[in-house]
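The points below are notes on a single model, for a colleague who has the sequence and coordinates open. They go from the domain layout to the sheets and then to individual residues.

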Amino acid sequence: PGGGPAVAGEGGHGHGPGAAAALDLTTLVADPARAADVRVELVARAARIALPGGEQVDAFTLNGSTPGPEIRARQGQLVEVVLRNESVAAGTTLHWHGVDVPAAMDGVAGVTQDAVPPGGSFTYRFVAEDAGSYWYHAHQVSHAQVLGGLFGALVVDPAEPTAHDVDVVALLHTYPGTSRTIDGVSGDIAREAEPGAVVRVRVVNTDNAPTVVWVTGAGFRLLAIDGTDVHEPTDVEGRKVAVTAGGRVDLEVRVPSGGARVQAPGVSLALGAAAPAAAAAPAEVLDPLSYGSPAPLRFDPAAADRAFAYDIGRFPGFLNGVPGIWWTINGRMGGDVPAYHVAEGDVVTMRITNGSGEVHPMHLHGHHVVVLARDGVPASGSPWWVDSLDVGHGETYEIAFVADNPGIWMDHCHTLPHAVEGLMTHVMYE
Ligand code: C2O
Ligand code: CU
């Protein structure tokens with residue numbers, strides 16, 4: 001770590017988790033003796049930039065660009081990323097969204113580390129244990145820094161290569177005051193793909209609201225949700241797929257002779273030289289609750305060690321002296337929300353309800369969560385693993401996870417302004 005003034009972190013406001021923490025987070029790191037397989041240096045700056053469409057925006061860049069560089073690793077490799085903060089005044093961090101990193105590497109300012117001040121640096125090291133599509137983003141004043149562009153894609157290729165001819169990421173993002181972009185470009189982009197090619201498209205929703213994707217000109221399959229492969233994907237043709245805020249979906253498209261176009265509202269990715277024009281989205285949304293085919297879980301959620309309620313509400317009033325409409329968790333606000341305590345090895349279930357009037361994409365750090373049921377209807381298809389789950393107003397989700405990653409983990413809404421407005425708590429290991 002370098003010089004510069006200390007800056008306050010965002011994750012531990014109010015009473016925060018710190019006071020009760022018995023864990024020594026500094027020990028929760030990747031093997032310090034192991035050499036890195038993938039090594040990346042990212043330099044963060046505040047900058048006024050011109051987007052490819054010509055719009056000027058006050059943004060944040062990593063190595064001079066936003067999105068930051070795509071990081072690719074192979075499953076089992078040790079990834080080492082040196083973050084240098086050159087000029088992000090509020091300090092910054094990097095969080096590895098969806099990756100179950102050791103707790104000290106989770107990048108939450110105020111919880112797992114101090115924000116890196118201008119002139120400072122921090123080295124992240126973790127083993128990429130699970131193949132899949134992930135992303136990284138700032139977790140300091142994140143509603144402003146992510147919006148302004150401090151993010152990028154992280155792809156972990158499986159140890160055994162798959163049969164895809166083309167494998168591309170499509171990062172969806174809306175910068176302040178602009179229309180939506182795809183890989184930093186407003187409107188449409190293209191990737192080369194020969195007719196007959198099998199293409200894997202990794203769609204990442206970095207925005208604050210849910211979105212949908214669909215494919216024009218070809219059928220497609222949904223391969224993975226939030227980085228975890230669906231058990232036996234089936235055709236999605238004629239439907240669209242929801243992507244929660246912070247979430248990812250991997251699609252497989254076999255490019256026909258006329259090309260194909262992967263679309264989200266306002267943007268598209270053309271595959272092949274002759275890709276068809278954009279077309280309206282299908283009306284029907286794929287429901288992952290019954291998609292794919294069943295497969296056993298590696299734990300029994302019916303034998304839970306802890307069962308929690310996460311009841312989301314809305315409260316007009318004062319938080320830290322500021323008037324507004326605030327979100328509540330189990331009737332409490334901000335720093336008055338107690339953490340959920342677990343012990344290593346616990347099977348944990350959680351019932352998330354939402355009477356707040358808005359949808360909230362709920363995100364738990366450091367763990368893969370499986371959806372058991374929605375509104376009392378049990379999941380009947382592939383195990384539906386998520387790290388970001390849209391919970392609509394009036395909905396009830398039953399979820400489960402195994403407490404297999406000791407630490408203090410944020411559990412918050414990924415509509416990032418909502419996290420500041422109180423929809424943020426922690427899962428804390430005893
Ligand atoms: Cu992607 Cu706590 O966030
Ligand atoms: Cu929310």
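**Notes on the predicted model**

1. The UniProt annotation "domain: Plastocyanin-like", from an unreviewed entry, covers residues 49-159 and 328-429. The model discussed here is predicted. Residues 49-159 are 4% helix and 40% strand, with the end C-alpha atoms 38 Å apart. Residues 328-429 are 5% helix and 51% strand, and here the end C-alpha atoms lie 23 Å apart.

2. The domain assignment divides the protein into domain 1 (18-157), domain 2 (166-286) and domain 3 (301-429). Between the C-alpha centres of domain 1 and domain 2 the distance is 25 Å. The contact between these two involves 23 residues of domain 1 and 22 residues of domain 2. On the domain 1 side, β2 (56-62), β7 (132-137) and β8 (151-157) each contribute at least two residues. β7 gives the most to that side, with 4 residues. By residue class, the domain 1 side consists of 12 nonpolar, 8 polar and 3 charged residues.

3. The largest nonpolar core has 121 residues, and the members that touch the most others are Ala170, Leu251, Val253 and Leu271. Leaving out residues up to four places away in sequence, Val253 touches Val199, Val201, Val215, Ala218, Phe220, Ala260, Val262 and Leu271. As background, nonpolar side chains in soluble globular proteins tend to be buried together.

4. Val203 lies in strand β13 (residues 198-205). Val203 counts as buried because 24 other C-beta atoms lie within 10 Å, the cut-off being 20 or more. Its contacts, not counting residues up to four places away in sequence, are Ala170, Leu172, Val213, Val243, Arg248, Val249 and Leu251. Val203 and Ala170 are 33 residues apart in sequence, with their C-alpha atoms 4.7 Å apart in space.

5. Val168 is in strand β9 (residues 166-174). Val168 is also buried, with 21 other C-beta atoms within 10 Å. Beyond residues up to four places away in sequence, Val168 touches Arg191, Val201 and Arg202. From Val168 to His365 the separation is 197 residues in sequence and 25 Å in space, C-alpha to C-alpha.

6. Strands β9 and β13 belong to an open sheet of 7 strands, ordered β11-β10-β9-β13-β18-β15-β16, in which the pairing is mixed. β11 (185-186) and β16 (228-229) are the edge strands: each has a single partner strand, so one side of each has no neighbour in the sheet.

7. Which residue in the loop between β15 and β16 deserves a look? Asp226 is placed in that loop, and has a positive phi of about 50° although it is not a glycine. Asp226 is buried, with 25 other C-beta atoms within 10 Å. Glu232, in the loop between β16 and β17 (241-243), likewise has a positive phi, near 55°. Glu232 is partly exposed, with 13 other C-beta atoms within 10 Å. Most residues other than glycine have a negative phi, and most peptide bonds are trans.

8. The peptide bond from Thr66 to Pro67 is cis, with omega near -5°. Pro67 is in the loop between β2 and β3 (71-74).

9. Strand β21 (residues 306-319) and strand β22 (residues 322-329) run antiparallel and are joined by 8 bridges. The two form a hairpin with 2 residues between them, and Asn320 in the turn has a positive phi of about 50°. Across the pair, Phe315 stands opposite Trp326 of β22.

10. In strand β31 (residues 408-413), 6 of the 6 residues are buried, so the strand is largely enclosed by the rest of the structure. Strand β25 (residues 360-364) runs antiparallel to β31, with 3 bridges joining them; Leu364 has Asp411 of β31 as its bridge partner. β31 also pairs with strand β32 (residues 424-429), in the antiparallel sense and over 5 bridges. In that pairing the bridge partner of Met410 is His426 in β32.

Conventions: Residues numbered from 1 in each chain as written. Chains lettered and ligands numbered in written order. Predicted model: local features only at pLDDT ≥ 70, side-chain atom pairs only at ≥ 80, totals over all residues. UniProt positions renumbered as here; feature names shortened; annotations may be inferred. Core = buried A, V, L, I, M, F, W, Y, C linked by C-beta atoms within 7 Å. Buried ≥ 20, exposed ≤ 12 C-beta atoms within 10 Å, placed from the backbone. Contact = placed C-beta atoms within 7 Å. Pairing = 2+ DSSP bridges. Domains from an automatic or database assignment. Nonpolar A, V, L, I, M, F, W, Y, C, P; charged D, E, K, R; others polar.
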